[in-house]
Amino acid sequence: MADQTLPQIACQLYLISPLEVGGDFPARLENALAAGKDLVTAFQFRVKGLDQHEAAELAAPLQAICAAHDVAFIVNDDVALARRLKADGVHLGQDDGNPREAREELGAELGGTMQIGVTCHASRHLAMEAGEAGADYVAFGAFFPSTTKDKGDAERPTTEIIEFWAGLFEIPMVAIGGITPDNCAPLVAAGADFIAVSGAVWNGDEIAAIEAFAKAMRQS
């Protein structure tokens, strides 16, 4: 009965893939999603330098695993690939156009249903522009040094921007960049809807990492 008394976690995990998703990665993803039942709600497919055919082949087993666990499968940066895969969503960087343009490219059927997120760095203005253009969520970061989401000397957001957004807007907000079980608590407490993580999960034992995040987030 102990599990039934655990406090619910309002904030959820948004996993981002490593760049290498072949080999044993599908099994590792399966492990992470099984360990993160009711905690992991999205997975972002993030690969670089591949043609669309190769990327689609790598995505197929991962997309199936996500579907089996009722986890949203999000494609990073590539609207055309998201359309080809009929993904659940696409995540746009500041150089990838805006949600309105992405929906036009996706077409009437997919454009009306696909979740579109936008990277907004540490900018309230960019986030509000994304919201006006129809974003389904905005992402702030990097909150901490990160190998996947760092812009050198770019301004780092603080928990203040999370509190600002959560207090004024209904559009969900993702915190990203160098987040670990040891530093996530202030972001969760500030009102982040999602914590996006990559290296903190994939650079070690993914099951142990998910369990550590669950414990830290529950105590926040």
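Modeller: The side chains of Glu206 and Arg28 meet in a salt bridge, with 2.8 Å from N to O. A salt bridge here is a side-chain nitrogen of Lys or Arg within 4 Å of a carboxyl oxygen of Asp or Glu. Side chains of opposite charge can pair when their charged atoms come close. Glu206 lies in helix H9 (residues 206-218) and Arg28 in helix H1, so the pair ties together parts that are 178 residues apart in sequence. Helices (H or I, at least four residues) and strands (E, at least two) are DSSP runs, numbered from the N terminus. Glu206 is buried, at 8% relative accessible area, and Arg28 is buried too, at 17%. The term buried means under 20% relative accessible area, exposed means over 50%, and partly exposed lies in between (1.4 Å probe, protein chains only).

The model is predicted, so local features need pLDDT of at least 70 and side-chain atom pairs count only at pLDDT 80 or more, while totals for chains, interfaces and linings use all residues. Residues are numbered from 1 along each chain as its sequence is written, and side-chain values use heavy atoms, with hydrogens and water left out.

Helix H1 (residues 25-35) also packs with another helix. The axes of H1 and helix H2 (residues 52-68) come within 10 Å and cross at roughly 15°. That makes H1 roughly parallel to H2, since angles under 35 degrees count as roughly parallel, over 145 as roughly antiparallel, 65 to 115 as roughly perpendicular and the rest as oblique. Axes are lines fitted to C-alpha atoms, for helices over the stretch in contact, and angles run from 0 to 180 degrees between N-to-C directions. In H1, Phe25, Pro26, Leu29, Glu30 and Leu33 meet Leu62, Ile65 and Cys66 of H2, where contact means heavy atoms within 4.5 Å. By class, this contact of H1 with H2 holds seven nonpolar, no polar and one charged residues. Ala, Val, Leu, Ile, Met, Phe, Trp, Tyr, Cys and Pro count as nonpolar, Asp, Glu, Lys and Arg as charged, and the others, Gly among them, as polar.

The count of salt bridges comes to five. One of them joins the side chains of Lys48 and Asp77, at 3.0 Å from N to O. Lys48 lies in the loop between strand E2 (40-45) and H2, and Asp77 in the loop between strand E3 (72-76) and helix H3 (79-85), so the pair ties together parts that are 29 residues apart in sequence. Lys48 is partly exposed, with a relative accessible area of 44%, and Asp77 is partly exposed at 28%.

A further salt bridge brings together the side chains of Arg124 and Glu160, at 3.4 Å from N to O. Arg124 lies in helix H5 (residues 124-132) and Glu160 in helix H6 (residues 159-168), so the pair ties together parts that are 36 residues apart in sequence. At 33% relative accessibility, Arg124 is partly exposed. H5 and H6 pack at an angle of about 35°, their axes being 11 Å apart.
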